[in-house]
Amino acid sequence: SREDRPELTEGGIGPMLRYLVAERASTARQGVKLVGSLVEYYGYSASGRTLTICDPREAWQVALVNGKLWCARRVPDDEVAVLANSYGIHEVDMRDTLNFLGSRGVIEYARRRGWYNQLRHGTFDFERAYANPDRVLDPNQRNRQWSGYRHVSQMGISPPEKGTPMPFSVKPRRKLKVEDMFALLRDHYENSPYDIGRANPHGSSDAIRARTICCGSTNHGDVFQLRTGVPVQIGALWWLAYWRPCSSPFLPLYFGVNQVPEQFDFQAAPGACSQSRSSFQTESDKAIEVFRNLTLYVDQDYWNRIPKVRAAWEEFERVSFAIQPMVEQQALSNWKRDRKTVIEALGRYCQGTATGAIQKARGMID
């Protein structure tokens, strides 16, 4: 945010905010209101942030300003929102509490600071008012947003001119699947005006005019599949890709499992979060180590190695999607009769998928 006079109480609240929401909120809307009440009391300690809070029925973006101001917008049920490291909320109508929530004084404060003038700007635009101007103009943000939208948009969206805002959300060309989200998170501007040709998309080549979605600093990718009509233990599914999604598979983790696959375990070394090159206390059989090694192997000769690796993981994921309905049908048929056995079966499925992926990754490295 552009805020340079933040009001903070007791030092403000930072990363712990998201933990508090996860622990206490039962719905996305409740989570949004909890964020608002905590930020209005303590103030947000970082420059700015947008949190995404979802449940199976609603999805919200919650934009936080350094200090005690915030604004939230609900993503329309039939649309898709793509967010880079910048604010995405534009027009705000605080009278429409079904779709907007926020600080009572968020518009008035922007007017007092000279960031919003109704005669000059017309309708209040949150991003235009509160975003750091340098961030709004940064192609590392705009280009990634645009590239995400080109994967899903019903209408063609032109590449952004300098400073041109991207829409908050768009209607997709068809009902999206989980694998569509995988493809979006693997994007390097392929077949677009920003295509970098044969340059390594994770390097620092002059050919890379803006950061890609799957970039050199990507250390994991996540897709959360949230579904109604079934127990949350089965209906909530986290697809996790360690390191860069382009050279790694997305592996399933059901919310109901009572034990995470042992290969997913690792400990960060002391100070890892404050070091640019973080290190991990881990063994060679752990997922984070194996997929890191595969990522580095691919990057040594990216365009010659990535086709084989991508083909291997696409087949692996096809099998996962083929098995998923059978796993879930079996789980649902036994849920009321024997939940413990269902939980154990889901855990074995996640464990087996992780084991198979690690063996396949090792084989490609060898």
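Predicted model: local features only at pLDDT ≥ 70, side-chain atom pairs only at ≥ 80, totals over all residues.

Visitor: How many salt bridges does the structure hold, and which residue meets Glu317 in one of them?

Guide: The structure holds 20 salt bridges, and in one of them the side chain of Glu317 comes to 2.7 Å, N to O, from its partner. Glu317 lies in helix α11, while the partner lies in the loop between α8 (178–185) and β5 (220–226), so the pair ties together parts that are 131 residues apart in sequence. Both residues of this pair are buried, and the partner asked for is Arg186.

Visitor: Asp299 also forms a salt bridge with Arg244; how many residues apart are the two in the chain?

Guide: The side chains of Asp299 and Arg244 meet with N and O at 2.4 Å. Asp299 is buried, with a relative accessible area of 18%, and Arg244 is buried as well, at 9%. The pair links distant parts of the chain, since Asp299 belongs to helix α10 and Arg244 to the loop between β6 (236–242) and β7 (251–254), and the separation is 55 residues.

Visitor: Is Glu314 buried or partly exposed?

Guide: Glu314 forms a salt bridge with Arg310, the closest N and O atoms being 3.7 Å apart, and because the two are four residues apart in helix α11, they are separated by about one helical turn. Arg310 has a relative accessible area of 13% and is therefore buried. Glu314 has a value of 38%, which makes this residue partly exposed.

Visitor: At what angle do helices α10 and α11 pack?

Guide: Two packed helices are described by the angle between their axes and the distance between the axes. For α10 (residues 287–300) and α11 (residues 302–334), the axes are 6 Å apart and the angle is about 140°. That value makes α10 oblique to α11, and the angle asked for is about 140°.

Visitor: How many nonpolar residues are there in the contact of α10 with α11?

Guide: From α10, the residues Phe291, Leu294, Tyr297, Val298, Asp299 and Gln300 take part, and they meet Tyr302, Arg305, Ile306, Val309 and Trp313 in α11. Sorted by class, this contact has two charged residues, one polar residue and, as the number asked for, eight nonpolar ones.

Visitor: Which strands stand at the edges of the open sheet of four strands?

Guide: The order of the strands in this open sheet is β1-β2-β3-β4, and the pairing is antiparallel. A strand at an edge has a single partner strand, so one side of it is left without a neighbour in the sheet, and the strands in that position are β1 and β4 (100–102).

Visitor: Which helix packs on this sheet?

Guide: Neighbouring strands of the sheet are turned by 10° against each other on average, direction ignored. The helix in question touches β1, β2, β3 and β4, and its direction makes about 5° with that of β2; covering residues 28–42, it is helix α2.

Visitor: How many residues of strand β2 are buried?

Guide: On one side, β2 pairs with β1 (residues 44–54) in the antiparallel sense over eight bridges, and a hairpin of four residues joins the two. β2 also pairs with β3 (residues 70–74), again in the antiparallel sense, over five bridges, and here the hairpin has two residues. Strand β2 (residues 59–67) is largely enclosed by the rest of the structure, because the buried residues number eight of its nine.

Visitor: Which residues make up the covered face of β5?

Guide: In a regular strand the side chains alternate between the two faces of the sheet. β5 pairs with β6 in the antiparallel sense over seven bridges, and the bridge partner of Asp222 in β6 is Leu240. Asp222 belongs to the uncovered face, together with His220, Phe224 and Leu226, whereas the covered face is made up of Gly221, Val223 and Gln225.

Note on methods
Residues numbered from 1 in each chain as written. Heavy atoms only, no water. Axes fitted to C-alpha atoms, helices over the stretch in contact; angles between N-to-C directions. Parallel < 35°, antiparallel > 145°, perpendicular 65-115°, else oblique. Contact = heavy atoms within 4.5 Å. Nonpolar A, V, L, I, M, F, W, Y, C, P; charged D, E, K, R; others polar. Buried < 20%, exposed > 50% of the residue type's maximum accessible area, 1.4 Å probe, protein only. Pairing = 2+ DSSP bridges. Salt bridge = Lys/Arg side-chain N within 4 Å of Asp/Glu carboxyl O.
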